[in-house]
Every structure is written in structure tokens, then in C-alpha cells.
Amino acid sequence: MSETKLLEDIKAAVVRGDTPLAVELAKRIVSEGVDPILAFEQGLREGITIVGDGFSKGDLFLPDLAMAAETMKAAGSILEEEIQRSGAVREKLGTIVIGTVAGDMHDIGKTIVSTMLNTRGFDVIDLGVDVSNDEFIDAIKEHNPIILGMSSLLTITAKKLSEVIQLIDDTDLRSKTKVIVGGGAVTGDYAEEIGADGYGQDAEQAVRLAKKLIDAK
Amino acid sequence: MSLTGYTNDKPHEFLSNKEVERIHEGALEVLSKTGMVVAHDKARSLLQDAGCEVDHETERVKFPTDLVQKSIDLCPSTFEQKARNADLSLNFGGGTVYFGAFPGFTFLDLETLERHVSTVDDLARLVRLIDALPEVHTICQPTPHLSDKPPEVEMEWVLATAFRNTEKTTMGAAFGGCSKYVVQMCEVLGQQVHGSICLSSPLVIPNDQAQGIFDYAAAGHPLHMLSGPIKGASSPATMAGTLVMQTAEILGGTVLAQLVNPGVGVIYTGYSTVMDMRMGTYASGAIEVGIMGAASAQIARYYNIPSSVFFPMTDSKIPDSQAAYEKHLQNLLCALGGVNYIMPIGGLENEGTFSPAQAVIDNEVCAMIGKVLDGIKVDEERLAIELICEVGPVPGNFLVKEHTRKHWRDEYIIPQVSVREGYEAWVSGGSKGAVERAEEIAQDIMKSHEINKLPAEVDRELDLILKSAEKEKLGI
């Protein structure tokens with residue numbers, strides 16, 4: 001299969017959210033010696049951008065977005081592995097670490113935000129729910145993200161947001177990492193009060209906020 | 001005498017018996033094959049001793065079918081929730097339909113029309129408003145958050161404020177470990193709450209909610225076993241699949257409740273909603289919510305236990321047409337479906353806002369829906385055949401007849417909110433629409449409504465309980 005055909009096909013697989021096909025194509029891209037960075041940018045990235053644009057226009061919906069993001073993640077990890085093996089470096093728009101704070105098991109809002117960030121070109125490390133303060137700090141040290149996103153649906157757990165921010169300030173990670181917060185228990189005023197860099201009420205706002213913070217850097 | 005509420009003896013059913021059975025079988029399969037995460041050590045041990053397969057590492061609990069069935073059989077089909085004023089006690093189950101107030105994170109200030117987080121004083125005023133509204137049979141705290149109390153103890157303060165400002169029965173929450181203190185308050189007050197247990201979808205019993213089951217069930221308070229997946233996000237995109245998951249979660253919680261206190265009252269509480277697939281926002285006012293609510297009542301009847309729904313809701317931000325049609329289509333569906341306890345009063349913006357004006361509007365619509373449930377009474381007196389013959393053709397009329405004066409109130413509502421005057425009279429009265437009228441009524445009630453205050457010594461006891469909660473949680 002030609003290089004162009006492989007790139008076109010993997011792009012189409014991302015758009016359709018066909019994970020098994022995209023994984024198979026990624027493996028062929030690697031075995032046939034196609035440049036993995038090229039495949040990442042012109043295959044996966046272009047595919048996910050089409051889905052993101054379709055979503056913004058109202059032609060595509062969240063299930064399409066979620067499936068495409070899942071496909072990109074699976075095929076992307078195969079290409080990433082090859083990129084690392086070859087010693088090349090892929091330029092990233094930005095890494096974002098995201099999670100729901102300790103004591104809070106609410107997942108879905110945070111997952112939608114992480115999916116939308118994914119489709120807009122960010123590399124998202126999703127730590128899941130009930131993430132302890134230390135886990136957040138360790139993830140920042142490990143992944144060196146431009147942004148940390150935290151969610152709290154419950155007011156009882158909202159104080160964890162400020163605890164983590166305090167820890168980031170104490171460990172001097174704040175100069176490198178901006179903190180954004182959201183979730184049912186959080187308001188714009190509260191975000192400001194606890195010293196967050198931004199607040200998004202929904203996923204669309206979170207993406208806009210992330211882009212704004214990165215542009216400002 | 002307890003509150004009778006309304007009655008629905010002929011509920012509308014969306015599902016066939018066979019379909020209900022498949023939902024039940026599906027729930028059993030989910031519970032035995034996949035199970036739930038139970039984030040509470042003692043609860044897991046109790047479940048393990050009762051025969052559940054437990055992995056303490058992953059906190060996963062798988063429920064054997066015979067245990068689930070045994071737990072359902074232990075649930076009473078009807079039970080009382082005791083108010084401190086016996087006239088306001090509730091009897092859950094059977095064909096009874098009660099209406100309740102709904103909570104919001106904030107409230108819509110009538111003066112400024114802005115959203116605010118309540119202070120204790122704001123909440124007290126809101127509780128007094130719903131205390132005054134006759135269609136509110138029982139309450140959920142109008143605002144569960146307080147700006148002037150630390151979040152660790154805000155639920156305790158919310159409940160104490162509710163107890164202090166209404167004699168109507170109240171929902172008790174389990175968030176943040178408040179259940180222990182709510183139980184203590186109830187002992188002092190001599191009343192019961194319905195302990196609201198919020199299961200987390202998909203398939204989790206969170207730590208504080210499991211503790212709530214222990215606290216409320218052990219003290220004999222009935223439990224709202226509440227499952228609230230969002231269709232297409234935290235449950236399947238189909239109503240049938242969502243009902244399977246909702247049922248599985250409620251049954252999982254019910255098993256724990258019956259182990260803690262065999263025979264404790266459990267209310268099957270449907271809270272399944274919908275996600276807007278364009279924005280990822282909550283679509284709480286979607287009509288499917290009402291359909292699933294009616295189906296929840298049907299599933300509960302299959303188990304012979306009372307039902308409730310944690311809605312009607314709307315996604316509208318203000319009291320407007322959207323708020324009215326979303327909330328009350330759901331309300332009507334649930335009432336016709338025979339839900340025993342519906343919560344239509346006061347909520348806006350899903351659980352975002354409590355609006356006093358909306359509460360007054362909802363109160364009026366509940367009276368209308370009550371009339372729907374009352375239906376048409378047919379007897380010789382009401383058929384009035386003799387009267388029709390006697391009055392005869394025009395110029396005969398019925399206004400002058402004793403039969404009219406005797407019966408018109410039986411079947412009429414005198415609306416406070418709805419505009420019925422003629423156009424000229426409406427203009428000279430200030431051209432006020434339903435919302436403006438409702439705002440004025442709410443203002444008046446909040447200024448003038450008198451409540452039966454707690455005896456001073458009981459009030460002091462509540463203070464002591466609040467202090468002990470603050471001491472334990474905040475060290476002050």
C-alpha cells in the first residue's frame with residue numbers, strides 16, 4: 001500500500017472512530033517504514049481535526065467525538081512508540097493533566113472535557129476520578145504539563161482544588177503549569193478565590209480556556 | 001392523621017409485564033456478573049459475609065441473585081415516615097402520590113433576579129416559603145449549599161435549618177458524613193427523614209453514601225435509594241438499557257440496606273437523565289426523563305416497594321415557558337405513571353437554582369395535576385340529570401342553583417398565578433404575567449408566613465449537635 005493511501009486510510013479510520021482498523025493501519029505504517037511523525041500529523045491529527053470541526057458545526061455529536069478520540073489514542077500509542085524508538089521528537093501543542101479530585105467519584109463531565117481537548121490537538125493525561133492531591137503533584141512532575149485541569153462536582157470535595165493549588169505553589173511548579181478548574185461545585189468566583197488560572201463551566205469553555213492560556217504563554 | 005396526598009389507582013404503564021421482567025433479569029445479571037464498586041470497607045465485609053463475591057483490592061462486589069431476591073422480599077411494600085406533627089406524617093406506597101420541593105445549588109433572588117448561594121438566613125426564608133405552599137407534602141432542602149458555613153458541615157446546617165423552619169417531613173442527605181448527625185437531630189426532634197442515598201453511575205456506592213445507608217437504616221429511617229445515570233454517558237443511550245442499570249444500582253444499595261436493618265423501608269428512586277450530545281451538557285428537562293420516571297414506578301410496583309423520582313427538572317435558567325413545559329410534562333407523566341413521591345416544586349436549571357417564583361407556579365400546577373389524578377367522580381348527585389331537566393333551555397342557567405354553590409369548589413382550582421381576567425382589567429392591573437404574579441406571591445409569603453417554632457430546649461439540642469459536628473470535622 002502506498003504511503004499516501006495509508007495516511008488517507010488511517011485518517012478516515014479516525015474520522016469514523018474505527019479503532020481496530022486504525023490500529024492495524026498504524027502497525028502497517030510502522031512495518032512499512034512510513035515516517036511515524038508524518039503519519040501522526042497527516043493521518044491522526046488531520047482526522048481528529050475533521051471530527052472536531054464537524055462537532056463545532058453541529059454535524060457530528062459527542063459519541064462521534066468520543067469514538068474518534070479513542071481511535072486516535074489507540075493508533076497514536078503505536079506511532080508514539082515508534083517515534084520514541086527512532087529517537088525523533090514530535091512537536092506537541094501541549095500536554096494537559098486532568099482528573100476529578102479526591103473523594104469525588106464523578107467521571108463523565110471530566111471525561112467529556114478530556115475528549116474535547118484531545119480532539120483539539122492537546123495531549124491529555126487523564127488521571128481518572130478520586131485522584132489524591134499527591135497523585136496530581138506526581139503527575140505534574142512526571143508529565144510536565146502546560147495545564148492541570150481539576151474537577152469537583154461536590155462542594156465537600158471542592159476544597160481539594162485549593163489544596164492542590166496550594167501544593168503546586170509550595171513546590172514551585174506553578175511557573176510551568178497553569179491550573180484550570182470546573183465541575184458542579186465550582187463557580188468563576190470560587191476559581192478566582194482559590195487562585196486558579198481559569199474556570200470553564202462546560203467542555204467547550206474548557207477548550208477555549210486551554211487554548212487561551214497556551215497562546216498567552 | 002397523616003397527609004393523604006393524591007391517589008392514582010390506575011397508573012399508566014409504558015412497559016409490558018414481560019418487559020419489566022427482562023429489565024429485572026438484566027439488573028440481576030449486571031449485579032452478579034459485573035457487580036458494583038463499594039467504596040466502604042465495612043460495607044464490603046458485610047456483603048462478603050452475606051455471600052457476595054468481594055475483591056477488596058478493586059473494591060468490586062458481585063451480588064448473587066438469591067441474595068438480591070431475598071433483599072427485595074425483605075423490603076416493606078408500604079411504610080410511614082413520621083413527622084414531629086403527626087398530621088404531616090407520610091405513608092409511602094400503594095397508589096399514593098405526594099409532591100415535594102426540589103433543591104438547587106443556588107437560589108434566584110427575588111429582589112435582584114440574580115443567582116446566589118444561600119446563607120443560613122436565605123435558606124430559612126426559602127424553607128418557610130415551601131412550608132406555606134399547600135401542594136408541598138414533603139421537602140428536599142431548597143438549597144443544599146451555604147455560603148456562610150464551611151463545606152464540611154454545610155449539610156448538617158442545611159438540615160438543621162430545614163427542621164427549624166418547617167414541620168413537614170424532610171429528605172436527609174448522606175454527603176460528607178452528615179448522616180450520623182442528621183440521625184441525632186431526628187432523635188431529638190422525634191421525627192424521621194427519608195435518607196437520600198446517591199449512588200454514583202455507573203455502578204458505584206460511594207463511601208459517604210454507604211455510610212448513609214448504615215446510619216439511616218440502623219436508626220430505622222426509610223431510604224431513598226437513588227440512581228441517576230445520564231443516558232448515553234454514564235448509562236446506555238437507550239431508555240431500556242438505562243432502566244436496567246438504574247435498577248441494578250438501586251438493588252445493589254437495597255441489598256446493603258437490608259443487611260444493615262432487615263425490613264427497613266426502601267424507596268426505588270429513579271433519577272435517570274439525558275445528556276445533550278451537541279454540548280455535553282445535562283439535558284434534565286428532556287421528555288425521556290419523565291417517561292423513565294413513569295417506568296420507574298412500574299418497576300417499583302413489580303418489586304412491591306414505593307417509588308420516587310428525583311425530578312421533574314428543567315434546563316431553563318429562569319421561570320419561563322420552557323421551565324413550565326419541561327417540568328410539568330415530566331410531572332404529569334410521573335403522576336399518571338403512579339410515582340409515589342414526585343419532586344416538582346421550585347427547581348430551575350436542573351439542580352442549579354431554586355426559584356421562589358417557580359415554586360409558587362409549580363405549587364399551582366401540582367394542584368392541577370392533583371385534579372387530573374382525582375379524575376371525574378360520577379354519581380347521581382354529580383350527574384345532575386334532574387337539575388338539567390329542571391333548568392331547561394335558555395334563559396335557564398345554573399349559576400343561581402344551590403347545586404352549583406354546593407359543588408363548584410369540589411372540582412375547581414382557584415388559581416393565584418394564572419391570568420384569567422379580561423384584557424382591560426389585566427392592563428389596569430399592571431399587565432402582569434404569571435411569573436410576575438408568582439414573584440409577588442412568593443415575596444408576600446416569605447414576609448408574612450408564620451411557622452411553628454421548635455421549643456427552645458429542642459433548638460438548643462440542635463445547636464449542640466451542630467457544635468459536635470463542627471468539633472469532629474473542623475476541630476473547632
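B:Asp215 is buried yet takes part in no salt bridge, the nearest side chain of opposite charge, B:Lys42, being 7.0 Å away. The structure is a predicted model, and side-chain atom pairs were counted only at pLDDT 80 or more. B:Asp215 is placed in helix H7 of chain B, which covers residues 207–218, and, when neighbours within four places in sequence are left aside, B:Asp215 is in contact with B:Ser179, B:Lys180 and B:Val183.

Over all chains, the count of salt bridges comes to 36. One of these joins the side chains of B:Glu349 and B:Arg115, with an N to O distance of 2.6 Å. The pair links distant parts of the chain, since B:Glu349 lies in the loop between strand E21 (347–348) and strand E22 (353–354) of chain B, whereas B:Arg115 belongs to strand E9 (residues 115–116) of chain B, 234 residues apart. B:Glu349 counts as buried at 11% relative accessibility, while B:Arg115, at 42%, counts as partly exposed.

In chain A, the side chains of A:Lys110 and A:Asp107 meet in a salt bridge of 3.0 Å, N to O. A:Lys110 is buried, with a relative accessible area of 4%, and A:Asp107 is partly exposed, with a value of 33%. A further salt bridge is formed by B:Glu402 with B:Arg405, whose closest N and O atoms are 3.2 Å apart; both residues lie in helix H14 (residues 402–411) of chain B, three residues apart, about one turn of the helix. B:Glu402 is partly exposed, with a relative accessible area of 49%, and B:Arg405 counts as exposed at 63% relative accessibility. Salt bridges that share partners also join A:Glu8, A:Lys11 and A:Glu46 into one network.

A:Glu8 and A:Lys176 are 168 residues apart along the chain, and their C-alpha atoms are separated by 37 Å. A:Lys176 is located in the loop between helix H7 (155–170) and strand E4 (178–182) of chain A, where the residue is partly exposed, with a relative accessible area of 44%. Not counting residues up to four places away in sequence, A:Lys176 touches A:Asn144, A:Pro145, A:Ile146 and A:Lys217.

B:Ile230 lies in strand E15 (residues 230–231) of chain B and counts as buried at 15% relative accessibility. Beyond its neighbours within four places in sequence, B:Ile230 is in contact with A:Ile108 as well as with B:Ser235, B:Thr273, B:Val274, B:Met275 and B:Tyr282. B:Ile230 and B:Tyr282 are 52 residues apart in sequence, and 7.8 Å separates them in space, C-alpha to C-alpha.

The second largest pocket has a volume of about 870 Å³. Its lining comprises 37 residues, of which A:Ala69, A:Met72, A:Lys73, A:Asn118 and A:Val124 lie nearest the centre of the pocket. At least two lining residues are supplied by each of helix H3 (36–57), helix H4 (62–86), helix H5 (108–119) and strand E2 (123–126) of chain A, and the largest share, 14 residues, comes from H4(A). By residue class, the lining of this pocket divides into 18 nonpolar, ten polar and nine charged residues.

Conventions. Residues numbered from 1 in each chain as written. Chains lettered and ligands numbered in written order. Predicted model: local features only at pLDDT ≥ 70, side-chain atom pairs only at ≥ 80, totals over all residues. Heavy atoms only, no water. 1 Å grid on protein atoms, 1.4 Å probe; cavity = no way out; pocket = protein on both sides within 12 Å on 5 of 7 lines; lining within 4 Å. Points joined across faces, edges and corners; volume = space filled by probe spheres on them. Helix = DSSP H or I, 4+ residues; strand = E, 2+ residues; numbered from the N terminus. Nonpolar A, V, L, I, M, F, W, Y, C, P; charged D, E, K, R; others polar. Buried < 20%, exposed > 50% of the residue type's maximum accessible area, 1.4 Å probe, protein only. Lys, Arg positive; Asp, Glu negative; His and termini not counted. Salt bridge = Lys/Arg side-chain N within 4 Å of Asp/Glu carboxyl O. Contact = heavy atoms within 4.5 Å.
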